[in-house]
Amino acid sequence: MASTTLGTSSIALLPSRYFSSSSKPSVHTLSLTSGRKFYGGIGIHGIKGRSQFSVASVATEVNSVEQNPRVAAKESQRPVYPFAAIVGQDEMKLCLLLNVIDPKIGGVMIMGDRGTGKSTTVRSLVDLLPEIKVVSGDPYNSDPEDPEFMGVEVRERVLQGEQLSVVLTKINMVDLPLGATEDRVCGTIDIEKALTEGVKAFEPGLLAKANRGILYVDEVNLLDDHLVDVLLDSAASGWNTVEREGISISHPARFILIGSGNPEEGELRPQLLDRFGMHAQVGTVRDAELRVKIVEERGRFDKNPKEFRDSYKAEQDKLQDQISSARSVLSSVQIDQDLKVKISKVCAELNVDGLRGDIVTNRAAKALAALKGRDKVSTEDIATVIPNCLRHRLRKDPLESIDSGLLVTEKFYEVFS
């Protein structure tokens, strides 16, 4: 039950206060303090139940569906491979962890060979996701404190001085199937309500469910163009606007976009690729002993999933506490002006279009420093994350034989030396 090490640097021990890892929502105050010893493995995914919400005209009418039964149902569903049990693939795991610590990094694009555990790793993140405060019964997971993440109806209630009922629930992960329709993704007219009650009602889609959570697209390079356009629009503005049958409604749709795919099956549109904060490349494990270990671990999981998950529970809990600690100290992490200038110099000399590369690299380096329990970014932190932040932003040269990640690394050492 050996745990892997994330990145190229050692992880410091952080003092921590354990908080309940129960996924049941509660009305208690969320205490995001620090985490304990960091373990380099990564989590477990539960498949979410679908809950239906109806929104009449522009005011929200939420069915009386409590979150507790939904979470309890998740626990009884198909067990998923533990994050801490995943062998190798450190680059992918680190990128995912940094996005959980700072969602504003902007998501991860994972490209690699088929059968390398891409989707297994992403779906295993769910058990490591921290809890957030949401307005009770709101279909858009509105933040009771931040107007940017509030639905229109919740904001109106706040302006009227109404006291909001707040619950704690885990960050949501939503799968976007390749065959999904645009109506299911954006939201549509509630036909049942229209027929039975004679009113125009709006039924939120997957983008509403993914607000303040994670939207995962497997085989994203095979996604239909019209759905790519929808994702681009929401990712750019942070809002989803639906115009359907005389109903015009907008709701917040800020999510961590995670995609995975095999480059042999087709390239991703550059507009969408640029929306991913980080890019991880995954290769097939070549070491024979590691391959045997992976096969044996998978066999143990298939034979008795519950026992296998229980054997990794301690490592999962410690990693979850580590993430909680990093999120709590993230705002206090500083990066020297000299390092900021050097990061921008690397981006400029690599001819990276726009400023997203600079912004994401700064954010990712801070998140990594927080993960290690430090309040200051080091050159080593930047060296670890900068290839993942810039690799997919370089202009393609068909005659270039060197991997774009290596080009970024070479330029980094040239500037930072």
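**Figure 1. Pairing of strands β3 and β13 in the predicted model.** In this predicted model, strand β3 and strand β13 (residues 278–282) are paired in the parallel sense through five bridges. Within β13, Met-278 is the bridge partner of Val-108. Met-278 is also listed among the residues with the most contacts inside the largest nonpolar core.

**Figure 2. Strand β3 and its burial.** Strand β3 covers residues 108–112, and five of its five residues are buried, so the strand is largely enclosed by the rest of the structure. Val-108, Ile-110 and Gly-112 point one way from β3, while Met-109 and Met-111 point the other way; all are buried. β3 also pairs with β12, in the parallel sense and over four bridges. In that pairing, Val-108 stands opposite Ile-258 of β12.

Figure 3. Strand β9 (residues 214–218) is mostly covered, four of its five residues being buried. Strand β6 (residues 173–175) pairs with β9 in the parallel sense over three bridges, and Ile-214 of β9 is the bridge partner of Met-173. Strand β12 (residues 256–261) runs parallel to β9 and is joined to it by five bridges. There, Leu-215 has Leu-257 of β12 as its bridge partner.

**Figure 4. Loops on either side of β9.** Arg-212 lies in the loop between α7 (206–210) and β9. Its phi is near 65 degrees, a positive value in a residue other than glycine. Is Arg-212 buried or exposed? With a relative accessible area of 15%, Arg-212 is buried, because the cut-off for burial is under 20%. Glu-219 lies in the loop between β9 and α8. The phi of Glu-219 is likewise positive, near 55 degrees. Glu-219 has a relative accessibility of 24% and so counts as partly exposed.

**Figure 5. The largest nonpolar core and a second, separate core.** The largest nonpolar core holds 60 residues, and those with the most contacts inside it are Leu-96, Leu-98, Ile-110, Leu-125, Ile-258, Met-278 and Ile-382. A second, separate core has 33 residues, including Val-174, Leu-176, Cys-186 and Leu-215. In soluble globular proteins, nonpolar side chains tend to be buried together.

**Figure 6. Surroundings of Leu-98.** Which residues does Leu-98 touch, not counting those up to four places away in sequence? They are Ile-105, Met-278, Ala-364, Ala-367, Leu-368, Leu-371 and Val-385. Leu-98 is one of the residues with the most contacts inside the largest nonpolar core.

**Figure 7. The largest pocket and its lining.** The largest pocket contains about 1400 Å³ of space. It is lined by 43 residues, of which Asp-102, Pro-103, Lys-104, Ile-105 and Phe-149 are the closest to its centre. The lining divides into 18 nonpolar, eight polar and 17 charged residues. At least two lining residues come from each of β4 (131–135), α8 (225–237), β12, α12 (313–329) and α14 (356–371). Of these contributions, that of α14 is the most, with five residues.

Figure 8. Val-126 is found in the loop between α3 (118–123) and β4. Its relative accessibility is 1%, and Val-126 therefore counts as buried. Val-80 is 46 residues from Val-126 along the chain, and the C-alpha atoms of the two are separated by 9.7 Å.

**Figure 9. The hairpin of β10 and β11.** Strands β10 (residues 239–244) and β11 (residues 247–252) run antiparallel and are joined by six bridges. Glu-243 stands opposite Ser-248 of β11. Two residues lie between the strands of this hairpin, in which Glu-245 takes a positive phi near 45 degrees.

**Figure 10. Overview of the protein chain.** The chain contains 16 helices and 13 strands. Of its 417 residues, 50% are buried. Among contacts between residues at least 6 apart in sequence, 79% join residues at least 24 apart.

Definitions and conventions:
Residues are numbered from 1 along each chain as its sequence is written. This is a predicted model: local features need pLDDT of at least 70, side-chain atom pairs count only at pLDDT 80 or more; totals for chains, interfaces and linings use all residues. Side-chain values use heavy atoms; hydrogens and water are left out. A nonpolar core is a set of buried Ala, Val, Leu, Ile, Met, Phe, Trp, Tyr and Cys residues joined through side-chain atoms within 4.5 Å. Buried means under 20% relative accessible area, exposed over 50%, partly exposed in between (1.4 Å probe, protein chains only). Contact means heavy atoms within 4.5 Å. Two strands pair if DSSP finds at least two bridges between them. On a 1 Å grid over the protein atoms alone, a cavity is a set of points where a 1.4 Å probe fits but cannot get out, and a pocket is an open set with protein on both sides within 12 Å along at least five of seven lines; lining residues have an atom within 4 Å of a point. Grid points are joined across faces, edges and corners, and a volume is the space filled by probe spheres set on the points. Ala, Val, Leu, Ile, Met, Phe, Trp, Tyr, Cys and Pro count as nonpolar, Asp, Glu, Lys and Arg as charged, and the others, Gly among them, as polar.
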